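Please open the model in your viewer and get ready to select a few pieces in turn.

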Amino acid sequence: MTFRTFLPVTAGVLLGLGGLGCISHQETIHTNKQRLPISFETDAAARTFYEAVEKIRESSRPTESKTEFHIPVILSHKITTVNGPHQVFNESVQRADTNQDGKITEKEARIFADNTK
Ligand SMILES: [Ca+2]
């Protein structure tokens with residue numbers, strides 16, 4: 001196929017597909033994960049941890065991620081993911097509980113709080 005025949009054929013295929021319409025898909029996913037189970041060595045560890053989590057919450061906005069995929073004229077695909085209310089808490093637990101034993105010690109809480117300032 002020469003360039004002279006390729007160009008009209010390509011244009012015809014694209015126009016034909018355009019005539020069929022663009023396939024469009026848009027989806028919003030809300031992630032509502034449960035709070036991670038965690039215990040605290042002492043009340044002081046819990047207080048230090050929760051105060052640090054509140055500081056993070058106050059300084060952050062709800063997060064949202066978008067995934068878009070386009071093939072011009074033919075396909076448009078868009079996914080929006082909205083994170084749930086426990087996102088900050090769960091991320092904080094994972095960061096603070098450094099040995100992942102399900103219990104935040106005073107030392108872990110203090111280190112976590114110091115790193116959120
Ligand atoms: Ca721990």
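Here is a short tour of the chain and its packed helices.

This is a predicted model, where local features need pLDDT of at least 70, side-chain atom pairs count only at pLDDT 80 or more, and totals for chains, interfaces and linings use all residues. Residues are numbered from 1 along each chain as its sequence is written.

**The whole chain.** Colour by secondary structure to find four helices and five strands, in the order α-β-β-α-β-β-α-β-α. Helices (H or I, at least four residues) and strands (E, at least two) are DSSP runs, numbered from the N terminus.

**H2 and H4.** Now select residues 43-59 for helix H2 and residues 106-116 for helix H4: their axes are 8 Å apart, at an angle of about 20°. Axes are lines fitted to C-alpha atoms, for helices over the stretch in contact, and angles run from 0 to 180 degrees between N-to-C directions. H2 and H4 are therefore roughly parallel (an angle under 35 degrees). Show side chains where they touch, including Ala45, Phe49 and Ala52 of H2 and Ala109, Phe112 and Ala113 of H4. Contact here is between residues whose C-beta atoms, placed from the backbone, lie within 7 Å.

**H2 and H3.** To see the meeting point, pick Phe49, Val53, Ile56 and Arg57 in H2 and Val88, Phe89, Ser92 and Ala96 in H3.

Definitions and conventions
Angles under 35 degrees count as roughly parallel, over 145 as roughly antiparallel, 65 to 115 as roughly perpendicular and the rest as oblique. Two residues are in contact if their C-beta atoms, placed from the backbone, lie within 7 Å.
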